[in-house]
Amino acid sequence: MAPSLRLSADRLFPADDRTRGIARALYREVSSLPIISPHGHTDPAWFASDAPFENASALLLQPDHYLFRMLYSQGIPLASLGIGAEGRDADPRAAWRLFAANYHLFRGTPSRMWLDWVFAEVFGLDVRLTGDTADLYFDTITEMLARPEFRPRALFERFNIEVLTTTESPLDTLEHHQAIRSSGWSGRVLTAYRPDPVVDPEFEGFQANLDRLSELTGEDCRTWQGYLAAHRQRRAFFASMGATSTDHGHPTAATADLPMPEAEALFADVAAGRATAAQAELFRAQMLTEMVGMSLEDGLVMQIHPGSFRNHNAQLFERFGRDKGADIPVATEYVRALHPLLSRYGNEAGLTVILFTLDETVYSRELAPLAGHYPALRLGPAWWFHDSPEGMRRFREHVTETAGFYNTVGFNDDTRAFLSIPARHDVARRIDCAFLARLVAEHRMEEDEAAEVAVDLAYNLPKKAYKL
Amino acid sequence: MAPSLRLSADRLFPADDRTRGIARALYREVSSLPIISPHGHTDPAWFASDAPFENASALLLQPDHYLFRMLYSQGIPLASLGIGAEGRDADPRAAWRLFAANYHLFRGTPSRMWLDWVFAEVFGLDVRLTGDTADLYFDTITEMLARPEFRPRALFERFNIEVLTTTESPLDTLEHHQAIRSSGWSGRVLTAYRPDPVVDPEFEGFQANLDRLSELTGEDCRTWQGYLAAHRQRRAFFASMGATSTDHGHPTAATADLPMPEAEALFADVAAGRATAAQAELFRAQMLTEMVGMSLEDGLVMQIHPGSFRNHNAQLFERFGRDKGADIPVATEYVRALHPLLSRYGNEAGLTVILFTLDETVYSRELAPLAGHYPALRLGPAWWFHDSPEGMRRFREHVTETAGFYNTVGFNDDTRAFLSIPARHDVARRIDCAFLARLVAEHRMEEDEAAEVAVDLAYNLPKKAYKL
Amino acid sequence: MAPSLRLSADRLFPADDRTRGIARALYREVSSLPIISPHGHTDPAWFASDAPFENASALLLQPDHYLFRMLYSQGIPLASLGIGAEGRDADPRAAWRLFAANYHLFRGTPSRMWLDWVFAEVFGLDVRLTGDTADLYFDTITEMLARPEFRPRALFERFNIEVLTTTESPLDTLEHHQAIRSSGWSGRVLTAYRPDPVVDPEFEGFQANLDRLSELTGEDCRTWQGYLAAHRQRRAFFASMGATSTDHGHPTAATADLPMPEAEALFADVAAGRATAAQAELFRAQMLTEMVGMSLEDGLVMQIHPGSFRNHNAQLFERFGRDKGADIPVATEYVRALHPLLSRYGNEAGLTVILFTLDETVYSRELAPLAGHYPALRLGPAWWFHDSPEGMRRFREHVTETAGFYNTVGFNDDTRAFLSIPARHDVARRIDCAFLARLVAEHRMEEDEAAEVAVDLAYNLPKKAYKL
């Protein structure tokens, strides 16, 4: 008989009774607050078309690089999971069985927690996923997905999502967002401006992207002023479609503040496709500062997500493309890197620049001291590999004593896995309550204050920081 | 009605009853030991003149960069808090109200714990500081400060301070220390030799400082031998005024051990004001090794506090000057950096070099392995941003298994905030007891040994390491 | 009266009753499993000759750099402990007394836990080691060592060691391993191939080592092809003597994948003794990739142990030689460093490359993301200074959420201290059970799964990863 699947009401709360009792009480204050999802990667087409999701594998396995990277690490070919062109003909049920038979690999990972929540709460499953229950799962989930109450908009409402932000390139026409707005549906799905494809000279297709940007805007994006004007225009268009933020995923946190003629000369090399690697880095650095300048004008909140070595596995990239679990963090420096940007704009209290990191060593050494001083800075939550119980706990433990809670911005789910969104916010709320409960239990905070902070972290801070 | 202000007897002790009980027992052994404060930045003039402190803002807010950096990070102008020349005319009561209304920003920070201790224990306040109680606080504190029992010397005695060390430049005449000594007051206030202003070619006013050093000593500080002789002379003078230590706050931990002619040639460039940045770094590096050599002669204990990017906020520095909360830690390397110094002096068992860091990643990787081997090395406590419950806990957790307790030197408060000194030592004692209690509860140490270690950390080790 | 020495049945288990109860239950599943010791530095001569160990100091103190480095750090001369040529004439009893009188230095260190286990479990001592009990200890231990049941093979069996791996240079004739095999004794003692002396151009005696390698193999090790063939031959010989793994202790994790002519040209410089430091580094980097290629051919599992600054204390090295407690970790980068190797071989599911680190900051940032993706990679356990309760706990906390448990390989004791082997494995099992118990108590894992993982970590994973 398969073991049962149970979600404890006390999950993620510290084990000792004193702290657990406080954590429970704090959690009661936040467990049913609406979800603010200010940054993520869900597909707006889902909400535009409201078409049913296809099957368990297509919905839960194939878009989730957390899952297939782990399976791949243990020697399971990506194609057998239905990933990429090579996996085109893989049978979804066979792929699911392979996943199910290896579900033990996820013990102790956040994926396991998120998935178990989806299985139990969304699909009502009450036995554990194993090789033996693979078909039961596949059939149950696939059957349910055909029902109206499992369509994207219905789930959005069931999940109590107040606002959900997707991420698009300046080259995106935002047609799905247009469709959502004109559909009359009340769900609030916003976009965010992610200009990497037209800012990073090393991005695939950068030169063609510049051409496309010129086309879209009518600006000559081979001139520095035309290029900047095109950004301003697209930012305004994104803002008109509800965007309140931009996002920047650079290899490093480098910023620059070049005199205008130097910036112009640098762009000439970039636009001509003759930029060296060092020039590409300098250009990205300069563009971060330019983007902050535009944020001061148009009020868009700026997010910086640096420090990922993208597509580390060259063979895999060639066969399967981007976002296949082969992006690896590298050590990332912020203090010197952000100095040019902060020297120019750091004292602007009206500005919000939200910093993220994949390098946990900078939490207490660099990010908390910076955010605990500069008015323009806020700290994003534990990101990507660190969006996990231990990762979130470390974030609070390393950041709070220097930056406090009010220089942080609550939680980002940052996910493509739509069904996991409530699970992820629930984990974040539980971990924050657990952290606060420890402060209360150790008499470092009073319980009434902890309750106020818990609500701020879960709801008020993300709304305020992202102007939602 | 304002919430009450209560200090729990169990604060900072682990929540589970088994460990908490042990922590309480250990704490009873150390809670009333005298305070040894071997390194800090209080103003000796306070104890020389014994003049009353002015008001709540002048005493508690305006000198405390932990406080105003946090307020500034949330958009509150420094001038409105009475900071700097621009804040000269700020009303102290208005500044205090602003602070009080934003006291929630300090939730979860050590400042909050220290201040609540000061409010409750020093001033007997029993309601929480909020916007509503701002005036009550301001009036109560300001009124009390006028009483004799709140004068500096009375507080020093009430705080049970056995010895308090301040920090002065070689250019300081130590007149306040002279005054204290000749006053007949029994309080032991010592100085420490901090030569950065005449050692760091990039220090503000370095060239003028060299001139002043020549004047003070009668040595020609434009020659290498004269310069070194001037140091020797000032060190001897400081020692005669009770100093037992020196302190060095360099950007990095770099040391050098140049052949004499090279050192002399380097100094020629430095003294002529033509040193490049690389030469300045090399000169600071060489001077650390020179200072260790002098310590071998005169017995002064050496402290190295590296790794702060000083005055990161250029606009702020220009308007408000040094020490305004804009010093930010950077990654700091020790193993290669200290190699020249240790190759020469590391095996001297009679020498004490105390290492500090703002980069917690080096605790287990570099500092504990170094201090667990070299006879000349000891580790200073968690410093600055890390002088906090979580920071101190991490220090013990990362350092102890490799360096043990006896290569550490107990606690430094390192503060300008005189009233917080007992609170800071109390936090350190509680965290050490909590750490030891965990070791006992997990049967990693016997309780009689933990009690001995607790007393050593609180009292014996700092006295011994600093020769007090 | 001396305090008693007691080993609690609950040692290293979390203090709260809920978690402790789970940890006890998990530990019952693993406490009596046989010991798999897949990597270490015991001396095969012990098992070949089965001669009795000499006395307490010779067995427990003088070979253990964890012990004498700590004593040295507090000013105790190595010679007085009987270390090195200078300590040749030191009285073993006097050395032991010195150690005993300073046993408090080890409070809170893993050495203390290991030693107390050895004292209590192996020698039946029931009072604590102090200055007062030094002679009692010395006499008891020395007397027992003369008994047959304390000979190496008897202890090996008593310790329930299923397999023990030593580490030898390619220049080793493996005569002791030969002797063990031909002795008829059933104990399984294997070797591992550690080619640093003939791979690292900066190793002491490298040129002579090349000559010796030529002699041993009949290959011309001054030519690139001859040199590689010699490696293949020695690897095959080691494999024939039971080796299942190789081991590589480089200063960094750098790898290279040079075109053959460049590799050949580089080797020409290396073999001619004219390699620069940069060339030496590049050669080591190239050889890691070559060794992986050979592993693909002969199936030997590869271990990489980078990041130690060897012989940091030059004076000590000159007087006392290698391995005297003066190897210090340095920051170590893996993502860019391993890129050449992984680009070539990372996707080989049949390959096993086990990564170790002395830089804990890479656990969550680099190693877990790499091992959670590349089929060829696994993560070795917390190493050296981090082979400790806190170090092991941090390893699991930082690694598990991204790499899971099944990309790790269980425990390595990696020790020269034979008697401490069961104690070290016991600590590892207890810490893993404590970690798993926390996951169960916080409802992040079910207890049946935790029990399975505990057994896998203690027994199945090392057997599988090392092909034992």
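This is a predicted model: local features need pLDDT of at least 70, side-chain atom pairs count only at pLDDT 80 or more; totals for chains, interfaces and linings use all residues.
Residues are numbered from 1 along each chain as its sequence is written, chains are lettered from A and ligands numbered from 1 in the order in which they are written, and side-chain values use heavy atoms, with hydrogens and water left out.

Of the area that chain B buries against chain C, 18% is supplied by B:Arg365, B:His373 and B:Glu401, more than by any other three residues. There are 11 salt bridges between chain B and chain C, each a side-chain nitrogen of Lys or Arg within 4 Å of a carboxyl oxygen of Asp or Glu. One salt bridge joins B:Arg438 to C:Glu390, whose closest N and O atoms are 2.8 Å apart.

Towards chain A, 50 residues of chain B are in contact with 45 residues of chain A, and the area buried between these chains is about 4,100 Å², of which carbon and sulfur atoms give 47%. On the chain B side, B:Arg107, B:His312 and B:Glu390 lose the most area to chain A, together 17% of what that side buries. The count of salt bridges between chain B and chain A is 11, and the side chains of A:Arg18 and B:Asp17 meet in a salt bridge with an N to O distance of 3.1 Å.

Within chain A, an open sheet of four strands has the order E4-E5-E8-E9, with parallel pairing; strands (E, at least two residues) and helices (H or I, at least four) are DSSP runs numbered from the N terminus, and two strands pair if DSSP finds at least two bridges between them. Its edge strands, each pairing on one side only, are E4 (245–248) and E9 (377–379). Strand E8 (residues 353–355) runs parallel to E9 of chain A and is joined to that strand by three bridges, with A:Leu379 in E9 as the bridge partner of A:Leu355.

How values were computed. Buried area is the accessible area (1.4 Å probe) that two parts lose on being put together, summed over both. Contact means heavy atoms within 4.5 Å.
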